[in-house]
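I want to jot down who pairs with whom and how buried the partners are.

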Amino acid sequence: MEHIKFSVAISIYKNDKSKYFKRAMDSITIEQTVSPSEVILVVDGPVSGKLAETIKYYEDEITYLKVVHLEKNVGLGEALRVAVEHCSYEWIARMDADDISLPTRFEQQLSYIRHHPEISIVGGDITEFINREENIVGRRCVPQKDFEIREYMKRRCALNHMSVMYRKEAVLAAGGYLSWYHNEDYYLWIRMWLQGAIFGNTGTVLVNVRVGDEMYRRRGGRRYYESEKALQLYMIIHKMIDRRLYVCNICKRWIVQVLLPNQIRGWVFQKFARK
């Protein structure tokens, strides 16, 4: 699989923690059974202190790391748009600055690509942990086949963003990353669907994801609800869902994202949306 070269796209900003970023970087470089050909790190606005030192350390130590500094914070969607533009290779793996890729993640995805040459994007399941990596509190499982993913996409996001590897051409054909409050990924997958992209998931865990109260807080509130409601409307306009499913989807989101307090929302996610 050495001939399949690929990039890794990461965005980082001032609120990310240095120790979490270091753990994430080690997990995609020295711990992988198949190393990336390049890593594109977009620094989304000014950072300082320990985080700046850690970025400089990796910039000096890893020859295939390219760091792109943005003058001001532009948000995840725009930062990832820049990252994709700077990637040199056909295949691009996504990674978050505080998660942990399992050692065989890239090996599994490259194997999947070799066996499914028609694929546009391949992701996998994720586990979620609080505080310690061993403290797994849930697993988000997603459907594996293209037709299953498309059906699932009508109700929920069917790809775990931090786990995906996609063709650069397929992302650009759909317009690339665009800003959409906390739903840049879902919005991109929907547009890729409309462009005829072929989806897949490995059915295995590829990434261990750091979660906690802050994550559940980000997944709640009226602004988050309005963002998801607008996505559902977008799918109606493009005839991906009907009005009955639209009403059902937004009612569920209103209850979970607006009515429930954070603590109960976290319990609901772990109880009903995770294994």
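Arg81 and Glu78 sit three residues apart in helix α3 (residues 76-86), so about one helical turn separates them. (Helices are DSSP runs of H or I with at least four residues, strands are runs of E with at least two, and both are numbered from the N terminus.) Their side chains meet in a salt bridge, 3.9 Å from N to O; the term asks for a side-chain nitrogen of Lys or Arg within 4 Å of a carboxyl oxygen of Asp or Glu.

I noted the ground rules. The model is predicted, so I keep local features at pLDDT of at least 70 and side-chain atom pairs at 80 or more, while totals for chains, interfaces and linings use all residues. Numbering runs from 1 along each chain as its sequence is written, and side-chain values use heavy atoms, without hydrogens or water.

Next I looked up accessibility: buried is under 20% relative accessible area, exposed over 50%, partly exposed in between (1.4 Å probe, protein chains only). Arg81 comes out partly exposed at 23%, and Glu78 is partly exposed at 31%.

Then I checked Arg139, which bridges to Asp125 with the closest N and O atoms 2.9 Å apart. That pair links distant parts of the chain, strand β7 (residues 136-140) and strand β6 (residues 121-129), 14 residues apart. Arg139 is partly exposed at 28%, but Asp125 is buried at 3%.

Last pair: Glu228 and Arg253 form a salt bridge at 2.3 Å, N to O. Both are buried.

I also found Arg23, Glu31 and Glu133 joined into one network by salt bridges that share partners. Whole-structure tally: 14 salt bridges.
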